[in-house]
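Let's take a walk through a protein model together. Have a look at the sequence and the fold first, and then we'll go through the parts.

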Amino acid sequence: MGVRYIGAEVQRMEDPRLITGHGRYVDDITLEGMLHAAFLRASHAHAKIRAIDTSRAAALPGVHRVFTHVDLGPQYSHRMNQLYPAPVIEQDRTQYPLAKDEVCYVGEAVAVVVADSRAIAEDAVALIDVDYEVLPAVVNVMTALDDGAPLAHADMNSNLMGRMRSQFGDIEDAFAKADHVFSAAFMQHRGGCHSMETRGCIGRDDPWGDGLTLWTSAQSPYLIRRALGKWLDEPEERVRVIAPDVGGGFGPKAGFYPEEIVIPLVARFMERPVKWIEDRREHFMSTTTQRDQHWDLEVACTSEGKILGLRGKITHENGAFVPYGILLPNSSLTPLPGAYSIPAIDVGVDIVFTNTVPNSPVRGAGRPNGIYAVERMIQTVSRELGIAPDEVRRRNYVRPDQMPYETGATLRGGVPCVYDSGNYEALLDKVLELADYNDFPARQAAARAEGRYLGIGISSCIEDTGMGPYEGTTVRVEASGKVAVRTGAASQGQGHHTMIAMIVAEQVGVSPEDILFESADTAKFSHGVGTIGSRVAANVGPSAFDAATQVREKALKLAAEVLEASEADLDIEDGVVRVNGAPDLSITLGELAVQLSPPSAMRVPAGFDPLLEATSFDGSSGSPIACGSNVAEVEVDPATGEVRVLRYSVAHDCGVMINPIVVKGQIEGGVVHGIGNALFERMIYDDQGQPLTTNYGEYLLPLASEMPRIDITHMETPSPLNSLGVKGAGEGGTIPAAAAVVAAIENALEDFGVEIDYYPVDPQYLTELIDKGAAEAAE
Amino acid sequence: MADTRDITLTVNGESHTATAETRTSLGDFLRHTIGLTGTHMGCEHGVCGACTVLLDGEAVRSCLMLAVQANGHEVTTIEGLANADGTLSPLQEAFWEHHGLQCGFCTPGMLTSLTAFLRDHPDADEKEIREAISGNICRCTGYQGIVNAALDAAKTMQEG
């Protein structure tokens, strides 16, 4: 065996391009004859369109054409596809690529201008006159199902999209025999993706050549190809979708957007390539977000703090349309019961339409919500029974000897949720040590003596990763000796190139620099699924490993014939097959590849297929369950409500780490996203459905100056569900973070009896709670 | 007709003369007129910092500055940060070594901002570095790899 790469801290292959300014993001691509588009978007949350007058816009010099719904023609007058149909969707509603006669959220695309430049297109957008009849808008998810509430769509009879429920164990018995029942209700708010690169795409139609090509900043190019082909009623094989360098995704780039229909379509009409790049204001208004979810829960437990059951109701804000099925409410339910052995659960979800931008998963999808809910109930039990938070957790964790542990919940796809491996209590011990948890009371007392309020909070989580079906890889040794590796998996910065190159290089016996990597282009690999739900490492990792193993075996078999040696005596190092003990006998991988791709009239050696190549779709046989425990230490200024995270500690187990540098980066970035959710990120609409936070002065993202150093320690419990023992790592930082921070704030403010029922915990909200607590204490 | 001016500016040591609309930002001019796409437009309202370039050595937001204002000035973009012989600068090397980037979109602004800051503050500590990049938003890294890279680069440059 040659050099080992799996587990090594290999510097990324992606970086030299990106640190010298030579990335190729969608807005960096310029095509011959390319025109530029800008969209007119709905300025009302809910309105009928009486008429649209585009004449002034069309007359502006430099404008080529203006399109509204009717201008796309009768062939293209239907609503978008439902990507994920599900029986629980009682009222399904997708949007028209350009609004037809009703707009249902501010930011919905109404018309598009195609012009010589983006600036001219924007000028023209301002000249389009729309005659709206404004309708009442429904904005508050908590009152949207009330009798007489305004309807999100004029032709619906209620705002209920559908209902779901996660139900297992004997819930009645659990509550009947409980020593205590405690309840808690809280709102969770998650913001948008806010990838630093906005969305954007270029369409080009070449009916006599390559067909329709769409370059788009996206996480799931194959899903877009299929949806676009289906919407156009054309063979998807004539549609090519390419995700070039993508500047972050975080969930909202995983779907299929109106612009990804309109731009290729107008390129077809104009017979010229057309580019559209979303600006940041459009990103706030038109890119899907996650937003509000209300939980109302009861927990049944013994006097010792052992949890017997959990029941309650979730009210989930869906936004105006259903672009993404029920993935978000579903992934909110499936993490219940978290890291704990809870025998009975009965939690239902009402999924509710509002006149706001449609919802989709943001980093972690519903998992941060589900874990936050479980962790809040653990905190509630701890507080009510006076048992330390770490101790309540210890008494409830799923233990290693219970694994594989079937929770009773059902994952997306209908399969049971099974915790495959891990040691949750050991992870807790590790993080408590890392955080100097046992010394915290001394730190807290010392600070209090100075009038400073410190608090500490724990959060534990599980994360179902690596959902199927697969993410395939082709590995081929080329005549040059370079190894071409192709996969459908799209990267938005996760370092797939490096990870896959390491696996293939180790297995084939070359250097990672010898890998020629291509991905996320539907013309380059037969099929891919998408980069969502921390699924790539646990799917493409095994397929790359398997394909590389097959190529290695084929190379060794051929080399044994050529060198007249036994396969067992051969090894491959640095691209050369050598005979052990006979250093002069060797052949390069490139020479072997030539033997399998000979010129005319020559033969491929008997017993061999052409090409030194293999394709594999090996993946994970279930969802590997990653896990983590986090500790946040905060300081709160009771006078201003300012919260500073002083320390943040993570113990994480994502199985075997292929590249620890990359895993560390995923966790650090994920934690900061979670801290942003806990403290800063709030997408606000007024009661008319007007978005009030549409720039980074109004919507706060975590900044370097506000963020703590994050300390990380790992356990590596190999998953038995795939050949590499890996579990996903992309979201495990985000999922537990808000619960840890919120618990820490409450701990800091115990003197004031503060109980937080909303995040992000902004200073205004927190000072209200502190004032209320102080007033009650004074009475 | 659009209001335009002919302007001449030096970008990464090379002189460029071109016609610019008076309303065109420096960032758009660099990207679309000169064709240097390494500078990225992230928010176009001066908060995210992805578009930061060096104007006569000082870090400025190229989305908040008009191209015509750069007439007669020297601009350095990410494409001009490497050493004269093409090798990576110590800061670029450190970003690579310390996983200071993931998607790479904020990277041009991080590198230009820190190039100017570390030149002026070679002894900067972690807190000062975090303050220095508080006008540059990164959604991927959580900033830790960037801060580690900057600290390491400062050390390398001092030993230099």
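The domain bounds used here come from an automatic or database domain assignment. With that in mind, chain B splits into domain 1 (4-80) and domain 2 (90-159). Before going on, some housekeeping: this is a predicted model, where local features need pLDDT of at least 70 and side-chain atom pairs count only at pLDDT 80 or more, while totals for chains, interfaces and linings use all residues. Residues are numbered from 1 along each chain as its sequence is written, and chains are lettered from A and ligands numbered from 1 in the order in which they are written.

Back to chain B. The C-alpha centres of its domain 1 and domain 2 lie 22 Å apart. Where they meet, 15 residues of domain 1 of chain B are in contact with twelve residues of domain 2 of chain B; contact here means that the C-beta atoms of two residues, placed from the backbone, lie within 7 Å. On the domain 1 side, β3 (52-55) and β4 (58-61) of chain B are the elements that give two or more residues, and β3(B) gives the most, with three residues. These names follow DSSP runs, numbered from the N terminus: helices are H or I with at least four residues, and strands are E with at least two.

Now for the place where the two chains touch. Chain A brings 40 residues to this contact and chain B brings 41 residues. On the chain A side, α1 (15-18) and α16 (660-679) each supply at least two residues, and the largest share, six residues, comes from α16(A). Sorted by class, that side of chain A has 15 nonpolar, 17 polar and eight charged residues. Here Ala, Val, Leu, Ile, Met, Phe, Trp, Tyr, Cys and Pro count as nonpolar, Asp, Glu, Lys and Arg as charged, and the others, Gly among them, as polar.

Next, some strands in chain A. Strands of a sheet pair through backbone hydrogen bonds, either parallel or antiparallel. Strand β1 (residues 35-41) of chain A runs antiparallel to β5(A), joined by six bridges, and A:L40 stands opposite A:A111. Strand β3 (residues 63-67) of chain A also pairs with β5(A) in the antiparallel sense, over four bridges, with A:V63 opposite A:A115. Is strand β5 (residues 109-115) of chain A enclosed or open? Seven of its seven residues are buried, so β5(A) is largely enclosed by the rest of the structure. A residue is buried if 20 or more other C-beta atoms lie within 10 Å of its own, exposed if 12 or fewer, and partly exposed in between, with C-beta atoms placed from the backbone.

Chain A also holds an open sheet of six strands with mixed pairing, in the order β7-β15-β14-β13-β8-β29. At the edges stand β7 (160-168) and β29 (758-759) of chain A, each with a single partner strand, so one side of each has no neighbour in the sheet. Strands β13 (residues 291-301) and β14 (residues 307-319) of chain A pair in the antiparallel sense over nine bridges, and A:H294 stands opposite A:T315 in β14(A).

A:W231 is partly exposed, because 18 other C-beta atoms lie within 10 Å.

Key
Pairing = 2+ DSSP bridges.
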